[in-house]
Amino acid sequence: MSVLVNSEANSRRIAMVESCFGSSGQPLGVQGRVLVGEGVLTKMCRKKPKPRQFFLFNDILVYGNIVINKKKYNKQHIIPLEEVKLESLEDDGQYRNGWLIRTASKSFAVYAATPTEKQEWTAHINKCIEDLLRKSGKKAAEEHAAVWVPDGEAPFCMHCKKTQFTLINRRHHCRKCGAVVCGPCSNKRFLLPNQSSKPLRVCLHCYDTLITAKHHNSNNDSIKERERAGNADTSGEDDSDDDDENTKGPPESHDLPKFYGDTERSEEQH
């Protein structure tokens, strides 16, 4: 990978990624950054699984919505690799070749088209994480956000087991455990610093657990300042990349992911 750091080929690839996101994305060409690989993975979103374009760099993982395949993407998300932990998922019916991408602020499942692609992706991501942590001397993150339960898997509130979700009775997600719950069962908020600077919606069970832990670990004086109960609105409820506005549809045919390494050195290396 080191031979790619200053290569023209690497610079061109990164510039191409930037152009595909356009003004909606952040600059990606920083000193020492290498584009390790790219490809389409199916991301489990709040409502249903959807194709997303992923770009693996040696220090970050970037993904976005596919507007025009290989030409235009939007809703760019950037995940620092030093925060990432991967967990393999067992095949379950139509959901195969999957794994969890877990970070302190957000965790979600992705699925590759084949077992081989899953192995390639996870091996390259883990290698980048190991190299990054070794060079920085940092330890791997120990706390990770919960994976949200997809809406379709919860016709009833997972807390009270009574409320059936309808157009009127909306689903909400607990930001601590990821469960799908009704409004009354998630009318508390608690500050989860790794996810937001503002108190977030949590279910009653998690709220009680968090409050108990808070009482044990700190003075009571600051508790009221850091948590707010009742009247919880829906800010921060939606998975920000769940919608596919102006999307031209998923790729007509599946393209194999591309991983760049010593076998793809730029012309000047030969």
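The chain of this predicted model has an average pLDDT of 84, with 81% of the residues scoring at least 70; pLDDT is the predictor's confidence in each residue, from 0 to 100. Across residues 220-238 the pLDDT is below 50, and this stretch makes 45 contacts in the model beyond near neighbours in sequence (contact: heavy atoms within 4.5 Å). Residues 262-270 also have a pLDDT below 50, with 15 such contacts. Local features need pLDDT of at least 70 and side-chain atom pairs count only at pLDDT 80 or more, while totals for chains, interfaces and linings use all residues. Residues are numbered from 1 along each chain as its sequence is written, and side-chain values use heavy atoms, with hydrogens and water left out.

Helices (H or I, at least four residues) and strands (E, at least two) are DSSP runs, numbered from the N terminus.

Aspartate 151 sits in the loop between helix 2 (115-136) and strand 8 (172-173). Aspartate 151 is buried, at a relative accessible area of 11% (buried: under 20%, with a 1.4 Å probe and protein chains only). Leaving aside residues up to four places away in sequence, aspartate 151 touches Arg46, Lys47, Arg171 and His173.

How values were computed. Buried < 20%, exposed > 50% of the residue type's maximum accessible area, 1.4 Å probe, protein only.
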